[in-house]
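Hi,

Here is the structure I promised to pass on. Please open it first, then read my notes below.

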Amino acid sequence: MPVLLALLLGFQHALSMLAGIITPPLILAGQGGANLAPGDAQYLVSTSLIVCGLLSMVQITRFHIYKTPYYIGTGLISVVGTSFTVIPIATGAFAQMYATGFCQLDADGNKLPCPKAYGALIGTGTVCALLEILLSFTKPSLLKRIFPPLVTGPTVALIGIKLIESGFKNWAGGSGSCYDRPETGPFSLCPAVGAPHALPWGSAEFIGLGFSVFLTIILCERFGSPIMKSCAVVVGLLVGCIIAGATGYFSSSGINSAPAVNFIWVKTFPLSIYGPIVLPLLAVYIVLMMEAIGDITATCDVSRLEVSGKLFDSRIQGGVLADGLNGLLSGLLTITPLSTFAQNNGVIALTRCANRKAGYACCFFLLVMGIFSKFAAALVAIPAAVLGGMTTFLFSAVAISGIRIISTVHFTRRNRFILTAAMALGFGATLVPNWFAYVFTYTGPNNAKRGFFNAITLVCETGFALTAFSAIFLNLVLQEEVEDE
């Protein structure tokens, strides 16, 4: 493939990934997350782009493990990006950390920056990644039997539904302290008093700004060229930024103060294990593994490669192992868990090019975007309403992906029962997240006991984790029935 053509196609792949890569670090570093300083948020966005570029090369290259039948990587254009799946777990855990004193509040009850909370998240995620690494050595047929679409479909749908809450809050002004609309204090306006064009949460101006992004995405789908359709989310984000810039919502202070270049480990976070999120993160890695299997199968299909047989099974094994290793490495590289992205399958189908040189060119552009940190600083400066209009669409796409997976399930009486039972708990915990908050009232000096109770509470308040564990259990204990529809 000519170098110029590879660069052109690689740039298109990078654009299709951009919105998905930058969204998790922006949310987790924001007021609804660990409330990190603007410099830390800029670092996380830059490093996410760099790490995704580097670790995508692992998936694309495909290494053979010496003297074994195992591989690392798929040998396809299987790119990776920061996973949305960890966001509901992380935001719930951060809220618990502030409530229990792990993270500090100021005298007025406002959240102070808590880098050790982010360090606990990535440290725990690094250890939990070992589960996916171990599962990668299991036969794909066995994995599909234990984690069928009956389990993964409702889990992915609940993840998307929970995430839409965060997107809608940002659409209306922000998901941090200003969401409660306090009458006084620094967060009586969004994003804060003194910020450019600060307004109360839910103001019509914020709603309209986010709607400009959402509407642009729809117009791109209706009137855009095939290339524009594949990059519709980025185009919508760009239009929203232009409108926000013209109407005075942007602050240039963060961009001006950002360093010219950035790289991994310029900033670090204190790694630790936070017990209450171990079980939820294990559920996250099970979901990521099943997402990887589905995405790799789709990539083989659009690349016109076989989707059965020994070679296909080895691609699945190598892809899942690389996915687990990437989760482990990403934590050590200061980034939350990664997942295999499906967006690029649309680009492959559109361009009819599955040459790995285009994948390597994509990685090159991601590295360039991350290293030059003024680009990341500009992304961090994007108003919450613009980000909310974009992320609401992206998060809804996650929910629809779950519904599509559910649609592949044969609706026998047994399967309907499992879906009903699992999703009843998931929907309930999503709609009323504090339903389990007052079950355990232990306040004694035993930190291990208190941490164990916190872990149970966090799982029971996380809808998709409840759904995943319930569906796995019911799918294993309820026998298949033979019946006519």
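A residue counts as exposed when its relative accessible area is over 50%, and as buried when that area is under 20%. Anything in between is partly exposed. Please keep in mind that this is a predicted model.

Start with Glu-480. Its relative accessibility is 60%, so Glu-480 counts as exposed. Glu-480 forms a salt bridge with Arg-414. The closest N and O atoms of the two are 3.4 Å apart. Glu-480 sits in the segment after helix H19 (463-477), while Arg-414 belongs to helix H17 (residues 413-431), so this pair ties together parts that are 66 residues apart in sequence. Is Arg-414 buried or exposed? Arg-414 has 5% relative accessibility, so it counts as buried.

A quick reminder on charge. Side chains of opposite charge can pair when their charged atoms come close.

How many salt bridges does the structure hold? It holds 4. Two further ones involve Glu-165, as follows.

- Glu-165 with Lys-162: their side chains meet in a salt bridge at 2.9 Å, N to O. Both residues lie in helix H6 (residues 149-171). They are 3 residues apart, about one turn of the helix.
- Glu-165 with Lys-169: the closest N and O atoms in this salt bridge are 3.2 Å apart. The two residues are 4 apart in helix H6, so about one helical turn separates them.

Together, Lys-162, Glu-165 and Lys-169 are linked in a network of salt bridges.

How accessible are these three? Glu-165 has 34% relative accessibility, so it is partly exposed. Lys-162 is also partly exposed, because its value is 23%. Lys-169 has a relative accessible area of 19%, so it is buried. The cut-off for buried is under 20%.

Now look at Pro-88. Where does it lie? Pro-88 is in helix H3 (residues 86-100). Its relative accessible area is 7%, so Pro-88 is buried. Which residues does Pro-88 touch, leaving out those up to four places away in sequence? They are Lys-162, Leu-163 and Phe-464.

Best wishes

Technical notes:
Residues numbered from 1 in each chain as written. Predicted model: local features only at pLDDT ≥ 70, side-chain atom pairs only at ≥ 80, totals over all residues. Heavy atoms only, no water. Buried < 20%, exposed > 50% of the residue type's maximum accessible area, 1.4 Å probe, protein only. Contact = heavy atoms within 4.5 Å.
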